[in-house]
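Me: I have a structure to go through with you. Can you take my questions one at a time?

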Amino acid sequence: MTTTTARFHDQIIAILPKLRVQALALTRNRAGAEDLVQDAVCNALSAQESFIPGTNFAAWMHRILRNRFISNLRKRRDTTDIDDVPSSAFATDAPHEDRLALKELAKAMNRLPSDQREALVMVVVHGMSYEALAESTGCAVGTAKSRVFRARRQLEAWLFGEKPDRFVQRTHGAGAGLRAEAVLRGVMATTARTAANRM
Amino acid sequence: MKQRKEGPSFPDSPQKVLLRKTPKPDAAFDVWLQRGLHKMFDDVASEPIPEDLLRLIEDDRKKLEGSGKQPTEDTGTGE
């Protein structure tokens, strides 16, 4: 076995967890994400000779997955919009308020444009730099920064903004908006205090 | 400012008023968001990789070894 063969394939295997997260951020759908990762891996394997040695392998793979997602979107515009992103996260033994807050966050995430959702997840969850994000998504660094910034602001506005009930009422019925905002504020304050105490 | 017609009212906190004036997201929200997103996505990242996907990669590796082809050598820095 050549080292180069091992290296290329090992790198694909190593990056699979991150590809799954990126795919889920884009598709919002577990089954769709698995299919997308598989398609991207197939594309990468068949295009491995086009990979330029010395360049960023992770960015190359993330770009392949993203291009495949866009290509799939063009083929079938009827994407299912479901919020099964964090099903296992909801099933934790976290306090009720935490679970409620997480559900609200998941719903708000689903409302974000896919490019903003992807950018936010890659920076916040993967710890990716704006430069790496730009390379992975084929955009300028400024655009990458802007996507993350706008995603954060939009989530904050939806969850804690001037009209929180406008968003929450849609999913929980009238009157739930203000209760949800109060819960979210409480959870957020607790999280911030815990983080501060650990510093 | 408009009054809400129903439900309890929460007076705007100084923090909320400040948020409206400045576009910079506040640190407490960032901390909360970071933890929330990790809760949502960390499980997905740590789930076992499906066998058929691993087989697909390994089969390709074996195919290349058999053909004696040299795939590209990567010395990239990752992320």
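Me: Where is Arg63(A) placed?
Reply: Arg63(A) sits in helix α3 of chain A. Helices here are DSSP runs of H or I with at least four residues, strands are runs of E with at least two, and both are numbered from the N terminus.

Me: Before more of that, what kind of model is it, and how are things numbered?
Reply: This is a predicted model, in which local features need pLDDT of at least 70 and side-chain atom pairs count only at pLDDT 80 or more, while totals for chains, interfaces and linings use all residues. Residues are numbered from 1 along each chain as its sequence is written, and chains are lettered from A and ligands numbered from 1 in the order in which they are written.

Me: OK, back to Arg63(A): why does it count as partly exposed?
Reply: Because Arg63(A) has 17 other C-beta atoms within 10 Å. A residue is buried with 20 or more other C-beta atoms within 10 Å of its own, exposed with 12 or fewer, and partly exposed in between, with C-beta atoms placed from the backbone.

Me: What is Arg63(A) in contact with, neighbours within four places in sequence aside?
Reply: Ser136(A) and Gly138(A). Contact means that the C-beta atoms of two residues, placed from the backbone, lie within 7 Å. The C-alpha atoms of Arg63(A) and Ser136(A) are 5.1 Å apart, though 73 residues separate the two along the chain.

Me: And which residues of α3(A) are buried?
Reply: Phe57(A), Ala58(A), Ala59(A), Trp60(A), Met61(A), His62(A), Ile64(A), Leu65(A), Arg66(A), Arg68(A) and Phe69(A).

Me: How far does α3(A) reach?
Reply: From first C-alpha to last, its 19 residues reach 27 Å, close to the expected 27 Å. The expected span is 1.5 Å times one less than the number of residues.

Me: Changing topic, how is chain A divided?
Reply: Into domain 1 (3-75) and domain 2 (93-198), with bounds from an automatic or database domain assignment. Domain 1 of chain A puts 12 residues into the contact and domain 2 of chain A puts in 13.

Me: Which helices supply the domain 1 side?
Reply: α1 (3-27) and α3 (57-75) of chain A each give at least two residues to the side that touches domain 2 of chain A. That side of domain 1 has five nonpolar, three polar and four charged residues. Ala, Val, Leu, Ile, Met, Phe, Trp, Tyr, Cys and Pro count as nonpolar, Asp, Glu, Lys and Arg as charged, and the others, Gly among them, as polar.

Me: Which residues touch the most other members in the largest nonpolar core?
Reply: Val37(A), Met61(A), Leu65(A), Val121(A) and Leu133(A), out of 59 residues. Such a core is a set of buried Ala, Val, Leu, Ile, Met, Phe, Trp, Tyr and Cys residues joined through C-beta atoms within 7 Å. α1(A) gives the largest share of this core, 10 residues. Among the elements that each supply at least two residues is α2 (27-46) of chain B.

Me: What does chain B look like otherwise?
Reply: It has three helices and zero strands, and 23% of its 79 residues count as buried.

Me: Last one, what is phi at Arg28(A)?
Reply: Near 65°, a positive value in a residue other than glycine. Most residues other than glycine have a negative phi. Arg28(A) lies in the loop between α1 and α2 of chain A, and Arg28(A) counts as buried because it has 22 C-beta neighbours inside 10 Å.
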